[in-house]
Amino acid sequence: MSSRPATIEHHDVTCPFCGLLCDDLTVLVDDELHPDAKACAKATRAYAAIAPFAAPTIDGKPVTFDAAIAQAAKYLKRSRQPLFAGLGTDVAGIRAALALAERCRGTVDHLHGAALARGMQVLQSRGWHTTTLGEVRNRADLVVLVGVDINVNYQNLIRRYLAPAAALQPARRTSRRLVYLGPRRAQPSSPELPCEVIATTKSLSETLRHLQALLGARTVAGPDRGQALASLATALRAAQYPVLIWAPGQLDSLDGDLTIAAACDVIADLNKTQRAAGLALGGDDGGQSAQAACAWLTGFPLGLSFAGEQLDYAPARYNTTRVLAEGQADLLLWISTFARHLPPTHALPQIVLAPLGTELRGKRTVYIPVGTPGIDHAGQLVRTDGVVSLPLPALRDVGLPSAATVLSRLHQALD
Amino acid sequence: MQAKITELRGARIYDPTHGIDGEVRSVFVSGDGIVASPRDPGTIKELLDLSGCVMMAGGIDIHTHIGGGKVNIGRMLLPEDHLAERSTRGEYPRLGSGRYSPSTLLAGYRYAEMGYTACFEPAMLPANARQAHMEMADTPIVDKGAYALLGNDDFLLRQLAGGADPKLIQDYIAWTLHASQALAIKVVNPGGINAFKFNQRRLDLDERNAAYGITPRQILLALAEGIHALGLPHPLHIHGCNLGVAGNVNTTLATIEALAGLPAHLTHVQFHSYGTEGDRKFSSGAQRIAEAVNANANISIDIGQIMFGQTVTESGDSMRQYAGSAFAYPKKSVIMDIECDAGCGVVPFKYKDSSFVNALQWAIGLELFLSVTDPWRVFLTTDHPNGAPFTSYPHLIRLLMDRSFRRDMLATILPEAAAASVLGSLEREYSLYEIAIITRAAPARSLGLSTLGHLGIGARGDITVYTDHPDRERMFKAPRLVYKAGEQIIREGKIVATPRGATHVVRPEFDSSIERLLDTYFDQYMSVRRANFMVSDHEIEEFGQSPLIRHTARR
Ligand code: SF4
Ligand SMILES: [Zn+2]
């Protein structure tokens, strides 16, 4: 009898490891997962690092799933202020987490909550004009990366969207210019599409304000009146469909909101007489799904508390760091099913739903291994542009439950 | 063993599908449906005396933006709505928020509370279908379904520009319905959303899209003919050119003429019934539209009535929404170009009775309701939330049923606007029978939902019982009892059960060779694979936990 497992080939596989959700991967599955060359370096690493089956633990000691769930339910019952954080899961997981958080009067935040809130704050203060990956691929003739580092994340952006083989507007694809605006350390190196670099010395928001002034042909004071920026302004005016791309999670925490708002202002100015649009890259680890599902289920984006008689939305207050720092929680429920993100340090009892490698063995810790959506079970995720969602396949079955299943069982255990 | 039978006795029944106009008779409910009077009265396990009550089938909203990208953008854009209106623990089964952009849970509860048991999302972008279905799945109690948007997608425009065979267009329509799990097809500003991506700022019925050289007229006809040939129950659902533009009454009349007898539904026609007369170059075109609708039996309409107050407008019509964003209140809006598929615009807006234009819009909507003679071709909508949130339906029903109340309201709007409308001279009052037509029987018939919208034997047990009251607003606001699929969901104004509600789709046949053509197109241009673009039954039934009800085309 051969111990070698059969190899199964899966096509059109959606990769869940960043907000782009590339869905054109072929993955060979034997006792490991082997994505083809269409997977970017980050994805290739992530598929290779997928954890095997593991047993749940209580305070580091292996137990059955039933025992772990019973203990976790005990913690939840005892808790007055649980914090539901991480939330790195698929739509089903978010639905289950929000239902449980409401039942337990918890606070909810995502592990990329700060980045998500950055975009949300700009949206809620001024709105914006945006576009989607499919539009960029076919219509854009000028793409400006506003401080986006595609060397570390969103690595397939160029292959799939900026330099595809064909486009509905072929002339725009052939003449497409890619400009990177930002600190030199993150400039892209792209054989498929040459990238012009405008290295910034000032903050990105100031640079964009400068650009906006140049577009308005207003005289700009200050020493940093670069020629490159002036020619970018000219190019933006001449373009038929320029797109500015930013990644809230990669922006400086102090300058991030200002940068996004300035980019949106540039786009709004352009749209008065021509067309232009923006696109945010982000929502990794299920962040876009968490944000969207929270908004439709409750009316509010993340940064939400179910503690009171009514929903309370205050993203500046209900974020993981602050809730823990201010002692506003007595239990942490941490969900992270994609990459191995450890919960922040704290001294509370905790329930951790994550793949092996994130298990915590400390005191008062219930660790429940869960599968990764798109690997261990089917599911759905919302893409970075907030429009397209993709189905995730189940590529293997090693007996790991989904986060949604565990959360629902916890919910039932409370009733 | 026979299922338990409940007898609902003593109510006056309004069931226009069967011509029943206020007759007192019993309705028997068993399992999930309405059954015949049992031969053996011993099988009746429960008897409810509903004397003094009015009974209708559950309400059906044929056009309400309850789920999908732009609706959710509206929620994120406007925390002010949600902070101002939040439900309290215990008020509903789960917490929710929002008056004009309600959370999905709250929307489901509030529809049910109003006696509505089915709601149809009219603007589902195929590229966004998966999320639209997720949101609809999380809208509890009510049945739902969605209309897929076509007519601005580059695939169709390219095919039309290349002189495609009508059979291919039919196959594409049918494939889109399958792929997006839709019940009907809608077109929004035909070709205009696409043209806006090429910086065209307006597109009249016979103006050419700069990129493809085709006109809205060509797109409308291709879709209306394709749908007719496929034998879909619901005709092409049209949001025409020039929404909100003074003088668009001519575009709307030309659209009716262009259709030349083909079945079509003109949606939120109030927004398309404006003339240019008078000092302010803005006048009511309602009488001309009503005349045309009365004369063309192929046309049905819903109104898109506006109500005064704050709301948010959410539309696929990025071209017109961009123009409208100058009037945003509060001052923020979202405009999106989407996936070579369509677009969207989300613009908050406050309708004021002191504004000439807004006050006249209010009057135009009511003029239309009262001037189109055949209630089977008029459906009650506010184009939620574009004209007003759906929660204003009871107030709207009172405006239609109660002439003196209507006159009192008319007296409160800007007098110049009141003077510019014939509304004050319209005597008509809708009867309960007519209200039952425009809020259930007619929408069900138009959508081909044979078991909904009526109380006959074999109907699904979606039933609303109102306590009769001369104040119709009060009466329609809080029904005494509501049944959904035979289960009591509202008792004395309280939600007592929260079933999930089914998803209605239509499944016309098509030649699968279109899929090969689409595979090539998706490979070359689209941002996702064709297989992943398609929403599977499993996603609706398992992930969404919503039973699928598959309707067939007539042919
Ligand atoms: S770019 Fe993102 S979605 Fe695409 S393969 Fe890499 S990690 Fe996966
Ligand atoms: Zn509408």
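In this predicted model, the zinc ion (ligand 2) has three protein donors: B:His63 (NE2), B:His65 (NE2) and B:Asp383 (OD), lying 2.1 Å from the metal. Along the chain these donors follow the spacing H-x1-H-x317-D. B:His65 sits in the loop between strand E8 (59-61) and helix H1 (69-77) of chain B, and B:Asp383 in the loop between strand E20 (378-379) and helix H13 (393-401), so the pair ties together parts that are 318 residues apart in sequence. B:His65 is buried, at a relative accessible area of 3%. B:Asp383 is buried too, at 2%.

Next comes the interface. Chain A puts 69 residues into the contact and chain B puts in 59. About 5,500 Å² is buried between the two chains, and carbon and sulfur atoms give 51% of that area. On the chain A side, A:Leu168, A:Arg275 and A:Trp296 lose the most area to chain B, together 13% of what that side buries.

Polar links also cross this interface. The count between chain A and chain B is 53 residue pairs in polar contact, both residues being at pLDDT 80 or more. The side of chain A that touches chain B divides into 28 nonpolar, 23 polar and 18 charged residues. Seven salt bridges are found across the interface. One pairs A:Arg275 with B:Asp337, with the closest N and O atoms 2.8 Å apart.

A:Arg139 and B:Asp154 form another salt bridge, at 2.9 Å from N to O. A:Arg139 lies in helix H5 (residues 133-139) of chain A and B:Asp154 in helix H5 (residues 154-161) of chain B, so the pair joins two chains. A:Arg139 counts as buried, at 0% relative accessibility. B:Asp154 is likewise buried at 0%.

Now look inside chain B. B:Asp143 bridges to B:Lys484, the closest N and O atoms being 2.6 Å apart.

B:Arg403 and B:Glu427 meet in a salt bridge at 3.6 Å, N to O. B:Arg403 lies in helix H14 (residues 403-410) and B:Glu427 in the loop between helix H15 (415-419) and helix H16 (432-447), so the parts tied together are 24 residues apart in sequence. Here B:Arg403 is partly exposed at 27% relative accessibility, and B:Glu427 is partly exposed at 45%.

In chain A, A:Asp23, A:Asp24, A:Arg159 and A:Arg160 are linked in a network of salt bridges. Over all chains, the whole structure holds 55 salt bridges.

Note on methods
Residues numbered from 1 in each chain as written. Chains lettered and ligands numbered in written order. Predicted model: local features only at pLDDT ≥ 70, side-chain atom pairs only at ≥ 80, totals over all residues. Heavy atoms only, no water. Donors = N, O, S within 2.8 Å, 3.2 Å for Na, K, Ca; no water. Helix = DSSP H or I, 4+ residues; strand = E, 2+ residues; numbered from the N terminus. Buried < 20%, exposed > 50% of the residue type's maximum accessible area, 1.4 Å probe, protein only. Contact = heavy atoms within 4.5 Å. Buried area = accessible area lost by both parts, 1.4 Å probe. Salt bridge = Lys/Arg side-chain N within 4 Å of Asp/Glu carboxyl O. Polar contact = N/O pair within 3.5 Å; in protein donor to acceptor, adjacent residues only side chain to side chain. Nonpolar A, V, L, I, M, F, W, Y, C, P; charged D, E, K, R; others polar.
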